[in-house]
Amino acid sequence: MQGTDIQQEAERQITICNSCRYCEGICAVFPALQMQRSFAAGDINYLANLCHNCGACYHDCQFSPPHEFAVNLPKALAEVRNDSYAQYAWPRALAPLFARNGLVISVLTALSVTAFFIGFITLNAPGELFRAHLSPGGFYALMPHNTMAGLFGAVFVFAIFAMAMGLRNFWADANAVNSVASSSPSIWQAIRDAGSLRYLDGGGAGCFNEDDQPRDNRRLYHHLTFYGFALCFAATTVGTIYHYGFGRVAPYPWWDLPAVLGTVGGIALAVGTWGLLVARSKRLPDLVDTRANGMAVAFILMLFLTAVTGLALRVLGGTAAMGVLLALHLGVVFSLFLTMPYGKFLHGLYRFAALCRHAMSRRHGLNPAPAERPVPVAVRSTDG
Ligand code: SF4
Ligand code: SF4
């Protein structure tokens, strides 16, 4: 296989797993790798994004270190997965910058944009920054709606376009050799698997984190984060429909739909991301790609700050703190959008695409005959 050293190391381990097959019931990765006799670099990236890093196969493996085969699939696939974000990114030149300095870039961007908004408000509406704005449309006394919508519309369109290009690159590469036919039932299966985080349960026992005791904490926090984010997005969408469709401007009373969706979503997002940050800080280093700590933490932290500043704005929006809180919230959201196409958010997209390919492969049958299964290099050499 032509590929990076990290992809070749993952292929070595996958080849051992393909002969061993002890873990085949744990998650989608093992049935998926058993469907192929050989692996292109795109296949390795596909398998890596199918993995949820639950850690079960590491704790179950009789060939994990200090065994000479040194199989550690969660870590090998995590390294491939993180590299795949940069490999498929658009524009590609920005990806290495973010991969190396993700946390610093995210925080600096958030602070810089916050400072820009505070400066803008101070110049555009002198004396308004530290004044309470209780009436509907109070936000726009600080910054005109068109300015706010224009800035965030531009960065949102950029983020969507860049992520769509990345997804297109991933899909083309993952399907380059072992292509599968698309079908609606397979996509529906992938939606159900993604929505239930089906493979983040270590085969049923739970996900492994700081020790060899399986728990379901990470699955719960992932759920809260995903559905909290979805509710916040729904709140913004309903608010936009209110504004342009019915001429009703923010902020909305607590009982109105955008406020309810935003508050429930914000609480879920804050709890979920905080739980993920704590879980990550305790994770066994053996299970994670420590090179990508900054990039992973940056995304979760920006989501957490988006939720917390949004909730603070809801609670303190009627006080003199509103102007600074609004600038801070907008700065964090701007940074989140700008860095989305280069970090951990891509795992959600690529994972869904990987689940689609897996469901299609199963539906259309790509199983090789048992006699064609590869024999691992390590097994061959040991057997002499
Ligand atoms: S992770 Fe280890 S035990 Fe599981 S299939 Fe691979 S080699 Fe076998
Ligand atoms: S870490 Fe979990 S999801 Fe990833 S390959 Fe191992 S068992 Fe499957």
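Buried means under 20% relative accessible area, exposed means over 50%, and partly exposed lies in between, with a 1.4 Å probe and protein chains only. This is a predicted model, in which local features need pLDDT of at least 70 and side-chain atom pairs count only at pLDDT 80 or more, while totals for chains, interfaces and linings use all residues. Residues are numbered from 1 along each chain as its sequence is written, chains are lettered from A and ligands numbered from 1 in the order in which they are written, and side-chain values use heavy atoms, with hydrogens and water left out.

**View 1. Leu197 in the loop between helix H9 (184-195) and H10.** Leu197 has a positive phi of about 50 degrees, although it is not a glycine. Its relative accessibility is 12%, so Leu197 counts as buried. Helices (H or I, at least four residues) and strands (E, at least two) are DSSP runs, numbered from the N terminus.

**View 2. Ala70 in the loop between helix H4 (56-60) and H5.** Ala70 is not a glycine, yet its phi is positive, at about 50 degrees. With 29% relative accessibility, Ala70 counts as partly exposed.

**View 3. The cis peptide bond between Trp90 and Pro91.** Omega of this bond is about -15 degrees. Pro91 belongs to the loop between helix H5 (73-88) and helix H6 (94-124).

**View 4. The cis peptide bond between Ala250 and Pro251.** Here omega is about 0 degrees. The loop that holds Pro251 runs between helix H10 (217-246) and H11.

**View 5. Gly275 in helix H11 (residues 257-282).** The relative accessibility of Gly275 is 5%, so this residue counts as buried. Gly275 and Gly119 are separated by 156 residues in sequence and by 34 Å in space, C-alpha to C-alpha.

**View 6. Ligand 1 and its shell.** The ligand is surrounded by Ile16, Cys17, Cys20, Arg21, Tyr22, Cys23, Phe30, Cys57, Cys61, Gln62 and Phe63; a residue is near a molecule if one of its heavy atoms lies within 4 Å of it. Helix H1 (residues 5-20) gives the most to this shell, with three residues. By class, the shell has nine nonpolar residues, one polar and one charged. Nonpolar covers Ala, Val, Leu, Ile, Met, Phe, Trp, Tyr, Cys and Pro, charged covers Asp, Glu, Lys and Arg, and the others, Gly among them, count as polar. The space taken by ligand 1 is the largest cavity. On a 1 Å grid over the protein atoms alone, a cavity is a set of points where a 1.4 Å probe fits but cannot get out. A molecule sits in a cavity if more than half of its atoms lie within 2 Å of its grid points.

**View 7. Ligand 2 in the second largest cavity.** Around ligand 2 are Ile26, Cys27, Val29, Phe30, Cys51, His52, Asn53, Cys54, Gly55, Cys57 and Pro74. This shell divides into eight nonpolar residues, three polar and no charged.

**View 8. The protein chain as the setting of the close-ups.** The secondary structure comprises 15 helices and zero strands. The radius of gyration, taken over C-alpha atoms, is 23 Å, close to the 21 Å that the globule rule gives for 384 residues, so the chain is as compact as a globular protein of that length. The globule rule is 2.2 Å times the number of residues to the power 0.38. Along its principal axes the C-alpha trace spans about 80 × 40 × 40 Å. Buried residues make up 48% of the 384 residues.

How values were computed
On a 1 Å grid over the protein atoms alone, a cavity is a set of points where a 1.4 Å probe fits but cannot get out, and a pocket is an open set with protein on both sides within 12 Å along at least five of seven lines; lining residues have an atom within 4 Å of a point.
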